[in-house]
Amino acid sequence: MDPRHLVEHAGWLTDTPPTDVGFVPASLRRAPMGVDALDTERLIVNMGPQHPSTHGVLRVLLELDGEEVVAAESVIGYLHRGIEKLAEHRRYNAVGTLMDRGDYVSGIHNELAFALAAEAIMEIEVPRRAQWLRVLMAELNRIASHLVWYGTFGLDTGAMGQFLYAVRDREALLDILEDVTGQRMMFNYVRPGGVVADITPTAVEKIHAFLSTIDTHLDEHDQLLGGNEIFQGRVRGVGTIDLETAIAFGLTGANLRASGLGFDVRKDRPYAAYDEMDFAVPMSSDGDCLARYLVRMGEMREAVRIVRQCIEGLPEGEFMAKVPKVLRPPVGEAYAAVESPRGELGVHLVSDGSDTPYRMRYRPPALYALQAAEAILPGTLLADAVVILGSVDVVLGEIDR
Amino acid sequence: MSPVLIATLRVLAAVGLMLLNGVVLIYMLRKVLGHLHVRLGPTELGPAGMFQTLADVVKLLTKEDPTPGMVDRVLYFLAPLIVFVPSLAAYAALPFSSSIIAADLDAGLLFTFAILSLVTLGIFAAGWASYNKWSLLGAMRSIAQQVTYEVPLLLAALPPVMIAGSMNLADIVRAQQGSVWFIVPCFPAFLFFLVAGLIEANQTPFDMSEAESELVAGFATEYASMKFGLLFLSEFSNTFVFSALMVTLFFGGWTLPFVPDALLSGVGGAVVFMIKTYLVIAVLMWVRGTLPRVRIDQLLSLGWKVLLPATLVWIVITGLAVKLGPALIGGVS
Amino acid sequence: MRPDTAALARTLSAVGLKGIEIDDVASLGVVVRATPSNVHTVLRALKESEDGFEFLVDLFGIDTGDAVDVVYHLRSFGRDEDLYVKIDMDYGSDLKSVWEIFPAALMPERECAEMFGLTLSGHPNPKHLLLTKGSEPLLLKEHPIRTAEEVRNR
């Protein structure tokens with residue numbers, strides 16, 4: 001019938017095994033600290049795609065000298081679904097479903113980026129209530145996403161407890177999101193023109209209940225993992241990305257802010273209703289894993305502040321602008337970015353006047369973070385490599401798209 | 001009864017205890033970790049999920065047992081046994097009560113340490129024979145760990161021995177019967193023993209050779225079915241032996257303060273001993289459920305730079321106290 | 001937000017690039033139209049100018065129907081401005097890597113090349129990034145999305 005390979009590609013197992021790893025030129029690699037006089041052999045190991053701590057299906061080829069990483073190369077694409085191509089065949093209202101499946105941990109931000117880009121071309125005026133609802137949902141989603149990161153980062157350092165405490169809090173958030181959007185992860189809630197449903201009274205109650213506990217829970221998280229001596233020993237001074245490297249490799253979001261540059265799309269390119277919100281942008285200049293940890297934990301607290309403001313000051317009005325059922329933006333091109341939990345998530349949209357996007361480019365912040373992590377892996381220990389990859393917060397759904 | 005029969009019965013008793021321990025400990029681990037992690041642990045099978053572990057044992061026994069293609073077949077099959085047998089033998093010298101000891105050895109402490117250090121050989125064999133790079137890394141780590149921690153562990157166990165004046169585990173307990181538990185005079189030694197023992201028992205935060213977030217499952221990566229079951233069981237058994245040693249050395253073994261010895265000479269003492277041991281294990285599980293893992297270089301430097309000198313210093317202090325103490329305070333110990 | 005086109009023209013002419021087209025696209029921003037042959041000079045000049053565009057936000061292609069537009073989205077944190085540099089590539093032509101100017105381009109360039117059927121030169125690791133070896137250029141307009149039926153009969 002059909003003798004072609006079903007799962008594996010044609011070169012599987014017939015490709016020559018890798019002998020040299022990494023594209024970082026030898027001159028830029030850190031010198032190994034081992035003794036060269038001994039007759040030792042380098043070990044090339046495949047970390048992933050089925051390794052416990054590669055956050056999905058990331059595969060990193062590591063060349064090891066004992067426990068020390070000499071070179072690293074990430075092999076990605078295991079989760080490639082062709083979202084950019086599929087978007088060219090979906091109507092504007094339906095692209096949101098695809099965007100959710102990009103960075104599946106923070107769907108609202110993905111949808112928002114696309115909606116903003118479409119609105120920029122169409123010049124739609126979005127009602128104020130919709131803008132606030134977008135901010136509210138995005139920040140709830142940010143806390144949920146950071147909690148997943150916090151939990152798995154702890155797993156990467158070998159701790160087990162904090163993961164389930166993170167899941168406990170995330171569960172409450174997903175309940176709220178489900179109440180409003182009808183879905184726990186694949187929301188399709190933000191559409192060009194506004195949002196698809198108003199907030200429900202039960203969701204407001206749940207948010208109040210959540211807000212009453214989250215502060216103590218965040219303190220608990222800080223004590224459980226952040227205050228731990230062993231954890232600090234594992235992350236302090238590990239995986240330092242200096243500002244120069246961060247900018248060179250296109251790092252954005254919390255990772256960039258941990259390296260000392262306070263660029264936050266919410267502040268510097270305000271979208272939705274962020275210009276009306278009062279929040280701080282946590283920063284650090286150390287650039288190590290601890291700095292990234294602290295910045296993200298700080299971001300969670302700021303997100304809680306924003307949620308409080310949203311729920312208190314939610315303006316009345318429509319939640320969806322008057323837009324036609326089938327959107328046909330004029331010919332044009334626009335770029336819209338949001339501050340997703342992973343960094344600057346951008347959508348570059350090209351419209352040819354038809355009812356489907358002509359080209360939709362999804363800027364994956366985690367891809368750039370992965371590049372930066374890959375560049376600093378040589379010279380670290382295997383155990384650190386796991387921590388570094390965890391600290392930059394990669395989500396493979398977004399990297400592979 | 002012939003000596004052979006008695007010996008056989010003792011071995012069978014040890015195997016039975018070990019298996020029972022394994023089943024109980026796994027259930028306990030699940031429940032303790034579950035409640036530490038704001039969840040419930042097993043609840044479905046049997047009262048409060050008690051039979052879950054039995055079901056898992058059946059699963060392990062009946063699972064397919066594939067052998068990876070390029071393993072060193074002899075060593076691959078032998079390794080779980082090399083790990084399992086010393087774990088079993090280590091039960092021999094444990095004094096459950098003054099009359100329940102499989103082998104009342106004069107150098108019981110030394111015997112237990114010697115036999116437990118064989119486990120590492122088995123782990124190394126498992127990692128080496130698996131023909132898997134992660135396993136090999138785990139095996140290398142376990143050797144490095146062993147070399148670093150065997151010495152401080154033994155040194156940390158010496159102060160109680162010096163005070164008791166015997167290497168016989170039962171005698172060490174009897175020495176505590178008359179006076180205080182040795183955790184009081186040897187508190188620093190207890191801390192050193194706890195750390196070194198956690199490393200020796202391959203427990204979080206020092207589970208270097210398994211390190212599931214780094215090395216997949218370390219030396220056990222390529223093992224499945226009952227071969228994995230044996231590795232797993234011996235890990236629990238080592239934890240038990242280590243906790244039992246700690247109870248013997250620092251917490252007065254089968255004795256209880258203010259309880260007459262006559263009550264605790266037989267089964268009663270064994271019950272006390274088991275309860276104490278399980279309490280120690282519960283603390284180890286608490287540690288396991290909470291702490292992250294240290295890095296291998298941090299572990300090694302902790303061993304060589306902190307634990308080894310500290311234990312040596314404490315031995316000197318204990319020695320001075322044992323020799324000069326009676327003269328100074330008038331013969332308390 | 002939007003760079004001053006006159007200042008950009010001065011920056012570019014200072015390195016000997018005359019007559020480079022600079023558009024101000026209403027919904028997008030300022031677009032510099034470079035060519036595959038001079039894009040390195042343009043990018044280097046933009047990066048090394050005062051408060052330069054030292055940050056590569058994104059690099060990707062657009063199949064316009066006549067050619068592949070490769071877009072370099074740059075940002076200057078000092079001036080807080082975004083800028084787009086576009087080059088027209090013929091189908092199947094050779095994309096020269098800019099990773100020495102912007103290391104961030106390393107992975108996006110691989111993706112752009114594989115998705116649009118371009119070859120990649122000057123790149124330390126010009127393998128496919130997301131697609132398997134030998135797969136078709138997915139994002140070209142001529143590459144269709146097939147139904148399950150069509151895939152089966154392929």
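How many bridges join strand E1 (residues 21–25) of chain C to E2(C)? Five bridges do, and the two strands run antiparallel. The model is predicted, with local features needing pLDDT of at least 70 and side-chain atom pairs counting only at pLDDT 80 or more, while totals for chains, interfaces and linings use all residues. Residues are numbered from 1 along each chain as its sequence is written, and side-chain values use heavy atoms, without hydrogens or water.

Strands (E, at least two residues) and helices (H or I, at least four) are DSSP runs numbered from the N terminus. Two strands pair if DSSP finds at least two bridges between them. E1(C) and E2(C) form a hairpin, with three residues between them. C:Val25 has C:Gly29 of E2(C) as its bridge partner. E2(C) is also joined to strand E5 (residues 81–89) of chain C, by four bridges, and this pair runs parallel. Here C:Ala34 stands opposite C:Ile87. Strand E2 (residues 29–34) is mostly covered, with five of its six residues buried (under 20% relative accessible area, 1.4 Å probe, protein chains only).

Between chains B and A, 27 residues of chain B contact 34 residues of chain A (heavy atoms within 4.5 Å). The two chains bury about 2,500 Å², 65% of it on carbon and sulfur atoms; this is the accessible area (1.4 Å probe) lost on being put together, summed over both. Two salt bridges are counted between them (a side-chain nitrogen of Lys or Arg within 4 Å of a carboxyl oxygen of Asp or Glu). A:Glu67 forms a salt bridge with B:Arg141, with the closest N and O atoms 2.5 Å apart.

Key
Chains lettered and ligands numbered in written order. Buried < 20%, exposed > 50% of the residue type's maximum accessible area, 1.4 Å probe, protein only.
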